[in-house]
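Please read the following report alongside the sequence and the coordinates. It is written for a reader who wants the criteria stated together with the values.

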Protein chains: 2
Amino acid sequence: MKNPSVPTLEDVAREANVSTATVSRCLNSPEKVVEKTRERVLASVSRLGYSPNFGARALAAKRTDTIGAIIPTMENAIFARGLQAFQEVVSENGATLLVASSAYRQDLEETQIRNLVARGADALLLIGDDRDDKIYEFLSNRGIPYVVAWSYRDDDNHCFVGFDNRSAAKEMAAKIIELGHTRIGMIAGLTRNNDRARDRVLGVKDAITEHGLNVDDLHVIEAEYSFAEGGNAVEHLLSLAPRPTAIVCGNDILAVGAMKRARSLGIQIPDQLSITGFDDIEVCSVVEPSLTTIHVPHRNMGKTAAKSLFAMMESEAICASSHLETYVVERQSLAAPPKS
Amino acid sequence: MKNPSVPTLEDVAREANVSTATVSRCLNSPEKVVEKTRERVLASVSRLGYSPNFGARALAAKRTDTIGAIIPTMENAIFARGLQAFQEVVSENGATLLVASSAYRQDLEETQIRNLVARGADALLLIGDDRDDKIYEFLSNRGIPYVVAWSYRDDDNHCFVGFDNRSAAKEMAAKIIELGHTRIGMIAGLTRNNDRARDRVLGVKDAITEHGLNVDDLHVIEAEYSFAEGGNAVEHLLSLAPRPTAIVCGNDILAVGAMKRARSLGIQIPDQLSITGFDDIEVCSVVEPSLTTIHVPHRNMGKTAAKSLFAMMESEAICASSHLETYVVERQSLAAPPKS
DNA sequence: TTGCTAAATGTAAGCGCTTACAAGTCTATC
DNA sequence: GATAGACTTGTAAGCGCTTACATTTAGCAA
């Protein structure tokens, strides 16, 4: 389908009997136009159903009031929630959010980043810091501010707005060990191109080492983000000898999937097996037994990320990373190991 | 921050010692350029880190290979899943997806639609058909094809790719009534600006009328999309006299919230109270008892919607609506009413 | 070699908008 | 009534790209 006849600035100008400059001013800085003229112009605008061509505007004005976000997938509730909060702040600031998703593929992510930049995104929200250096170079060459969310590291490479996945996971594992568990299994999310998943594994290992246990005894299985995969993974772990008494999961979905499967195999949770999650999505408090997990302030993270981005655009300020706190939410799925 | 110096087509042309036209051709229709030249040009492109300015391209070429989608919220799993599938097809066709969310607000949705159109979206995915006529006019004036998803109506007003919310809800309610329930309550999603939610209520009423019960006995409460609100609503319904023996919910989240709350109030599900959902999201099979609900082919819907859109763009074809099938998934939360 | 066709490349006119600068219009003051 | 100064509006030069059309080059038959 071809545009039959989209009205342009010039059409409006002709209709209102003014110059294109005046129409443009009416739209962008109305105070510069005397009321009478403005009214006439706005009337023509609505009569013609005019709306400005974005590309042309961006080309001429060199700014777009657009923020881009590239997330791995929309199907993960944590991103959805964080992004919703992000979007709220973006709107409050009169900007528009453009979202693209990368399906956890690095090549696609790069394409999407370039794409959003080419579309004139003034700033970018990125998830995690695991990507090729040349992308960061590209962004800095272009002078495009960006925030790395869902991750936090204590260095100045990027502006982080996130939490420390590693130490959060460590805290959870430590709690498990302190309850007396020694045979621990882990169901991790896929670690490829995913620093959050990797850090969570490292955190668990940290705790194990620090408590004098043997890291080699930790059996880690990676699984896709689904209940079913969590179930399959737990089945595998339960077939091990000696069988683990606690299973740390890289996220809540895997944990719930594991829990359901274990129960369907006749295993009592937490009496015979403890299971923990990560993220604290809503489903945790709705399953039985409810899931002990790590609370992550997703909404707050989204809000903060957006604010940081606007601050950076405003003042060309250097990165001011935000380190958000997480904490263990104790529910029913974690208990001391069974006395054997 | 200002762009320090973004390379343009002209810079590349100078570097490669060709005209801008040749560079453009290398990028858009490489077969028109002899190999040797092309190599030289592409080398310059990557040396300079050039990527084309999207606005300028759109302005000159009058097409953008961009599909826009406006969804009510990303926080609802059903949209996320459908959109992910939608996006896959969009990518396969070499186009890019731009997503905006409207927070169920009609004014915001209109803004977002105009925004995406101004940005040059070649086609649009819309959710539901409940919006001002002037928006449809706007789209048809501009010749922008669009698909209305998640809804289906037997008329030719739009190209629907969805399912019949009303008859699906009716089917579920009929099943409930046929099990012997006569005192039925409903927890609906917010119906404002939401034809899906409204249709689901209507469907339940259809079934009631058709089975000779009194529609006025149906107590409908509208609730926000959250477990907690589902819980509050069920508490209210349970306080009614006579107390309902079955509660139809407008979506799974409300149903699960209702079920949990009812159980925490000491009510046995389904022995004392039946509860049903709508959508068949993953959580249904993970709660206890598992939730009887209506299965909706969200992914398939997303895929189909995308295909329809491309077909429309290709052939200027008239709307070819797709009516997708839904069906009741019988799980544990629905049973015959208690013998009183 | 010449002449002709086809392929490769270049030229330049916009696409619709913003904005620096020029020009015009008032008002108020002398 | 003339004139400076303050507003308001108009003029026109691009922004970076695509593409119709013009030009050059290459390939090949006669």
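This is a predicted model: local features need pLDDT of at least 70, side-chain atom pairs count only at pLDDT 80 or more; totals for chains, interfaces and linings use all residues.

Residues are numbered from 1 along each chain as its sequence is written, chains are lettered from A and ligands numbered from 1 in the order in which they are written, and side-chain values use heavy atoms, with hydrogens and water left out.

**Domains of chain A**

The domain assignment of chain A gives domain 1 (9–52), domain 2 (66–163 + 298–325) and domain 3 (165–296), the bounds coming from an automatic or database domain assignment. The C-alpha centres of domain 2 and domain 3 of chain A lie 29 Å apart. Their contact (heavy atoms within 4.5 Å) takes 21 residues from domain 2 of chain A and 16 residues from domain 3 of chain A. Between domain 2 and domain 3 of chain A there are 13 residue pairs in polar contact, both residues being at pLDDT 80 or more; a polar contact is a pair of N or O atoms within 3.5 Å, where within protein one must be able to donate a hydrogen and the other to accept it, and residues adjacent in sequence count only if both atoms are side-chain atoms. On the side of domain 2 of chain A that touches domain 3 of chain A, helix 5 (77–92) and helix 12 (298–315) of chain A each supply at least two residues, and helix 5 of chain A gives the most, with four residues. Helices here are DSSP runs (H or I, at least four residues), as strands are (E, at least two), numbered from the N terminus.

**Two contact surfaces**

The table sets out buried area, which is the accessible area (1.4 Å probe) that two parts lose on being put together, summed over both, and salt bridges, each a side-chain nitrogen of Lys or Arg within 4 Å of a carboxyl oxygen of Asp or Glu.

| Parts | Buried area | Carbon and sulfur share | Salt bridges |
|---|---|---|---|
| Domain 2 and domain 3 of chain A | about 1400 Å² | 43% | three salt bridges |
| Chain B and chain A | about 4800 Å² | 52% | six salt bridges |

A:Arg198 forms a salt bridge with A:Asp130, with the closest N and O atoms 2.9 Å apart, and the side chains of B:Arg263 and A:Glu288 also meet in a salt bridge, at 2.7 Å from N to O. The contact between the chains takes 54 residues from chain B and 54 residues from chain A, and 22 residue pairs across the interface are in polar contact, both at pLDDT 80 or more.

B:Ser51 lies in the loop between helix 3 (35–48) and helix 4 (54–61) of chain B. B:Ser51 counts as buried because its relative accessibility is 12%, buried meaning under 20% relative accessible area, exposed over 50% and partly exposed in between (1.4 Å probe, protein chains only). Leaving aside residues up to four places away in sequence, B:Ser51 touches A:Phe138 and A:Arg142, and the side chains of B:Ser51 and A:Arg142 make a polar contact at 3.0 Å.

In helix 2 (residues 20–28) of chain A, the residues A:Thr22, A:Val23 and A:Cys26 are buried. They lie on the same side of helix 2 of chain A because they cover an arc of only 100° around the axis, the arc being that of the directions from the helix axis to the C-beta atoms. These buried residues pack against helix 1 (9–16) and helix 3 (35–48) of chain A.
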